[in-house]
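Please look at how the parts of this chain are held against each other. The account below takes up salt bridges and then a pair of packed helices.

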Amino acid sequence: MVGKGGVGKSTIASASAVAAARAGERVLLVSLDEAHSLRDVFGADIADIADSADSADIAVTGAVGRGSLELREVDTLALAARRWGALTGSALGPRIAETAGELLPEELTAAPGVQEFLGMAEVADLAACGRWDRVVVDCPPTGAALRMLEIPSALSAYLERLWPRHRRLGRIPSSARMLAAVGAAEQLESSASRIGTLVGDGAHSAVTVVTAPGGVAAAETRRVLTALGLAGPPVHSVVVNRSRGADGAEAYDGLRVVRVPEAEDEPVGVAALARLSEALDRAADSAGPATATSARGSASATTVHLESGTGLDSVYTLSVRMPFADEVKAGRAGDDLVLTAGGVRRRVPLAPVLRRCTVQDATLGKGVLRIRFRPDPEVWPL
């Protein structure tokens, strides 16, 4: 769940998790929001069951139907301490570990993007363990959530540019320091790959954007949807919480819009969340099937196809989903395409065939940026 702070994102995420549990699924609800408001949303229906090294596990004590519901509030500071401690304790040599161990977890998490990356890495690990049928993630407010979704691909791209994998693995490390550096780079690359696979898999994951009624909220949500198009994850639907009617439906043309009426009382506890989930289901039914959204969401954020011709006369088209974008700035940096829209910039690695091409032209229409490429005679294999 992604949305601006105060729109009811955590409440909608909790109601969705309760609905899935009542339907018989094993559900994990994870909070990556530093506010950690799950305790407030579930109220007296939760009880602490453990304080692990990296999270506060919470058990739901109220009835949730045929399934089960577990809650987890991820502490990225504790995560940094655990993972950094493991690295300095094993992968590094004794001397390096002594020096590196002087770095405090607070110093690590102060670096831009570290907390977001650790949070998503934890979600990827939890989703892969197989204990749950569904993992619902309550993301931090919009800005941090977008960084969270962008960082893995950006990190992989920068790591490959600064220290390509074939170079770091192509020779035997000459020292403990170099061995530690290679190990750290491989761990980062592995985590980024797992996150990227999870986020980009339209068959198993999708983003629900929670917003509020009104023109200002709609304008911001459209910018968020554009940014999500750049970040890559498929969008399942837009939930307008505390809706006052069907006005402004055209603001999200092409997406499934679920309008949840404002509740008389603030939903706190399993019973109240179950009632909210029923209202959410009724609103989803009235919104119709998610056919268009699913088709749109399951498509890759970027696709490449041969438009016409062969050899040096070929024309290739790169298509990038850019929903609701009014303007896109595009530039090329080596083997990457740099796209900027809605205040978000993303480096898109070019497919190998496009790296040997030059840009011919570009068009933006119906939520898709299309860039046409022609082979560069100087580097095109003959």
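Is Arg 26 buried, partly exposed or exposed? With a relative accessible area of 37%, Arg 26 is partly exposed (buried means under 20%, exposed over 50%, partly exposed in between, with a 1.4 Å probe and protein chains only). The model is predicted: local features need pLDDT of at least 70 and side-chain atom pairs pLDDT 80 or more, while totals for chains, interfaces and linings use all residues. Residues are numbered from 1 along each chain as its sequence is written, and side-chain values use heavy atoms, without hydrogens and water.

Arg 26 forms a salt bridge with Asp 133, the closest N and O atoms being 3.0 Å apart (a side-chain nitrogen of Lys or Arg within 4 Å of a carboxyl oxygen of Asp or Glu). Asp 133 lies in the loop between α6 and β6 and Arg 26 in strand β2, so the pair ties together parts 107 residues apart in sequence (helices, H or I of at least four residues, and strands, E of at least two, are DSSP runs numbered from the N terminus).

Asp 138 and Lys 9 form another salt bridge, at 2.8 Å between the closest N and O atoms. Asp 138 is in strand β6 and Lys 9 in helix α1, 129 residues apart. Both residues are buried.

Helices α6 and α9 pack at an angle of about 65°, with their axes 9 Å apart (axes are lines fitted to C-alpha atoms over the stretch in contact, and angles run from 0 to 180 degrees between N-to-C directions).
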